[in-house]
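Here is a short walk through one model. Keep the sequence and the 3D view side by side as you read.

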Amino acid sequence: MPDIVPIPAFTDNYIWLARGDEGAVVVDPGDADPVLERLDREGLELRSILVTHHHGDHVGGIPALLRRFPGIPVYGPAGEAIPTLTHRLGHGDRVVPAGLDTEFEVLDVPGHTAGHIAYYGDGVLFCGDTLFACGCGRLFEGTPQQMAASLGRIRALPPQTRVYCAHEYTLVNIGFAKWVEPHNAHLLAREQVDAAARRAGRPTVPSTLELELRTNPFLRYDDPAVIAAASRYAGHDLNGGAEVFAAVRRWKDREYD
Ligand code: ZN
Ligand code: FE
């Protein structure tokens with residue numbers, strides 16, 4: 001498993017820095033300054049860049065990083081217009097980013113954006129704004145059906161997978177998750193752990209897929225308690241995971257934040 005640390009950016013983004021024997025790789029560098037500062041401090045050379053989707057807080061730092069490290073590969077989604085990409089990737093592609101010796105498999109995970117991809121390899125998932133700790137990305141360009149299918153792909157990964165998402169939204173997400181499942185003991189325990197981490201100034205991520213499966217309402221669309229709560233909010237019976245997911249997403253968007 002590569003050695004991975006967060007570089008905080010903007011108010012709540014994490015740019016993930018993976019350190020290998022031959023240099024470093026960053027994931028979703030929305031801002032170049034904190035990345036360059038960290039690389040300089042550690043005497044690291046940037047060897048490549050991974051991108052999950054086209055939003056500015058994930059790609060904005062790429063031009064300045066390329067000015068400092070000209071010609072390094074920039075891997076990203078084939079389905080999105082990101083002019084700095086050198087390698088355009090889609091579902092099932094495999095990539096060993098320059099600087100690391102880890103092979104990642106590319107998953108198409110549309111929903112937050114239409115061409116969003118995720119990278120899975122060696123027990124690590126870089127999922128951008130698709131799955132968050134105890135939450136999921138807003139549906140800016142996709143349908144609830146697409147997002148439910150994308151989250152279904154993530155659910156199928158091994159439970160010990162470490163989930164490296166791109167924002168620190170966990171405590172706010174837990175607040176909503178408690179609306180859905182006020183009696184979920186795993187969720188209440190998670191809140192204690194993650195609140196303590198934030199009080200100590202530590203990130204709450206990465207989490208594990210196993211913890212998400214126990215606590216994240218957006219992955220729990222087939223759990224009886226989540227189905228019951230979503231149906232209550234919708235005011236009628238729901239048919240299948242995608243409908244339950246859609247109701248929970250609508251509930252959070254309209255009533256919570
Ligand atoms: Zn985004
Ligand atoms: Fe974002």
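In what order do the six strands of the open sheet lie? The order is 7-8-9-10-13-14, with mixed pairing. Strands here are DSSP E runs of at least two residues, and helices are H or I runs of at least four, numbered from the N terminus. Two strands pair if DSSP finds at least two bridges between them. Strand 7 (94-95) and strand 14 (207-208) are the edges, each pairing on one side only. Strand 8 (residues 104-108) runs antiparallel to strand 9 (residues 117-121), over four bridges. There, D108 stands opposite I117.

The model is predicted: local features need pLDDT of at least 70, side-chain atom pairs count only at pLDDT 80 or more, and totals for chains, interfaces and linings use all residues. Residues are numbered from 1 along each chain as its sequence is written, chains are lettered from A and ligands numbered from 1 in the order written, and side-chain values use heavy atoms, leaving out hydrogens and water.

Now turn to the metals. H53 (NE2), H55 (ND1), H112 (NE2) and D129 (OD) coordinate the zinc ion (ligand 1) at 2.2 to 2.3 Å. Donors are N, O and S atoms within 2.8 Å of the metal (3.2 Å for Na, K and Ca); water is not among the atoms, so sites may look incomplete. Along the chain, the zinc donors are spaced H-x1-H-x56-H-x16-D. D129 also bridges to the iron ion (ligand 2), and the two ions lie 3.3 Å apart.

Just after helix 8 (residues 224-234), G235 takes a positive phi of about 85 degrees.

Technical notes:
Buried < 20%, exposed > 50% of the residue type's maximum accessible area, 1.4 Å probe, protein only.
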